[in-house]
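Let's walk through this structure together, starting from a single residue and then stepping back to the whole chain.

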Amino acid sequence: MSAPAATWSMPLKGVRLLYMHETDAEILIGLETEKKAVICPCCGSAAVVGYGKMNWRIRDLPIRKKAVFLEIKRRRLRCRDCLVTFNEPVSQISAQHRATTRLVQNVWKMALRQPFTTLSKTFGLDEKTIRNIFNYTFNAAANQFKIPPRPPAPLALEIRLLTILRHQRVLWINLDQGTLIDMDENKTLESIHETLQRVARDGAHKISVPPDAALIQALQASTQSALVLHLPSMRNACNDLITLGRSIDHAASYLATLSQFVGAKDASEAHRWWQDLRSPPVELRTKMEPLIVAVELLGAERFDAFGQPDHAYDALTGRLGKILSTDFSKRSYDVICAIVLFDKTLQKTARTGVSENGAHLGYQKTNYGTSIPKLVARLEKLSGDSALNYPSESET
Ligand SMILES: [Zn+2]
C-alpha cells in the first residue's frame, strides 16, 4: 500500500453520499444507491421491482488510523417473473467479505510483505478476518495459476529441493528466463508429474536435478528429457559428507576421491572418479548410498554440468533457500507460496505477438513467472527490516 490516505475518496460507483460522521475512533460514511434498472440475476428478466431497503455496513481502508465504515442503503429487489429476491448489486464491494474491493486488495498485497499481526493493526481488522481475506485470495490466485495460456516451455529447467518449514519442497526454475515457475509442497510422483506437464508440456531440452532418487524416479516416469546432475546440489551433499567423514580413520582416501570428483574439470573426468566412489567404506555407506543410488539412476548425460560454470541463479537460489528456511520459519506454507509465486510486482512478463494464418491479431501478455533476482532482493529487504521479524502465527 502506498502512504495511507488522509482523506476519504469514493471507492464505489452508482452511489451517492448521504453523510460523513467522524468520532475519535472511527469514520462513518452513509451512502445510498442511485436507482437504476437492474436485471434479474436468475432469469435475466427486466421486470424487477423494489422489495424494501437494507442497511449494509462494510469496511473500507482506514484513514488517519481510524476505522472507516460505509453504511450503504441498498435496495432489496424482486423479480416478477421468477419471484426471486436479491440484493441490488454494488460494484467495487467484495462479494466474499464485508469490505470494499480496494481494502481486500490492499490486505493481500501487504500479506505478501508483513505478518498478519501487523496487518491486523494497520487495517484495524481482527486476525481472523485478515486470514480469511488472505485464504480466499490465495485460493483464487492458485486456481488462476493453473489456467492456460502458459508461456513457452523452457529449454533448460532446473529443479531444486529446499527445506522450508521442515519439509523438502520442490522448486521449479526456468533457466532461460531466470524465473521461479512453480513450487510443490511435496515430492510425490503425482505432484511432480502434474507440475512437469504444466511447466514443460513439450518436454524441456535438459532438466537439472539434485541427487535425490525419489525425485529422479518421478521425473523419469513422466518425461524423456535429459536429466543432468545439478552440480551445486551435488557439491553440497558431497561436502557435507567430507566434513562428516573427517573423524573416521579409514575414510581418508575415499574422501580424497570424493573431493577430486567434486572438482572434476569435465564430464569424462567426473565419470572416472565416480567409478572409484561406488563402493564406499562401511563407515560411510549409509550416508553415501542415497547419492550413489540417485546418480546411478541418471543417464549418460548425468555429469554434463561438470566443467561448466555455475549458473548465475545458483547463488541466488541458495540465498533464497536460506532466507525462506530461517526468516520465514514462522509463516505458513501458503504465505510463502503466495510470495514466491503469486506476487504480481515480482513477475517477469513480456508482450508477445499473436498471429493466425500469418495475420497479426494483436498482443498478449506472457507471464514467465517470478523473477529470482527481484524475489531475493525483496526478501532480503524484508528480513533486513527489524520491524518485520515474523511473530508466531497460528495459521493452518
Ligand atoms: Zn427472475
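With 21 C-beta neighbours inside 10 Å, R331 counts as buried; a residue is buried if 20 or more other C-beta atoms lie within 10 Å of its own, exposed if 12 or fewer, and partly exposed in between, with C-beta atoms placed from the backbone. You will find R331 in the loop between helix 10 (312-326) and helix 11. Its C-alpha atom is separated by 27 Å from that of A67, 264 residues apart along the chain.

A word on the ground rules: this is a predicted model, where local features need pLDDT of at least 70, side-chain atom pairs count only at pLDDT 80 or more, and totals for chains, interfaces and linings use all residues. Residues are numbered from 1 along each chain as its sequence is written.

Now look at the largest nonpolar core, which has 69 residues, with V107, L180 and L219 making the most contacts inside it. Such a core is a set of buried Ala, Val, Leu, Ile, Met, Phe, Trp, Tyr and Cys residues joined through C-beta atoms within 7 Å. Helix 11 (residues 333-342) supplies the largest share of this core, seven residues. As for L219, leaving aside residues up to four places away in sequence, it touches I192, L196, I207, V209 and L227 (contact means C-beta atoms, placed from the backbone, within 7 Å).

Stepping back, the chain has 12 helices and 12 strands, which are DSSP runs numbered from the N terminus (helices H or I, at least four residues; strands E, at least two). Of its 396 residues, 28% count as buried.

Key. Contact = placed C-beta atoms within 7 Å.
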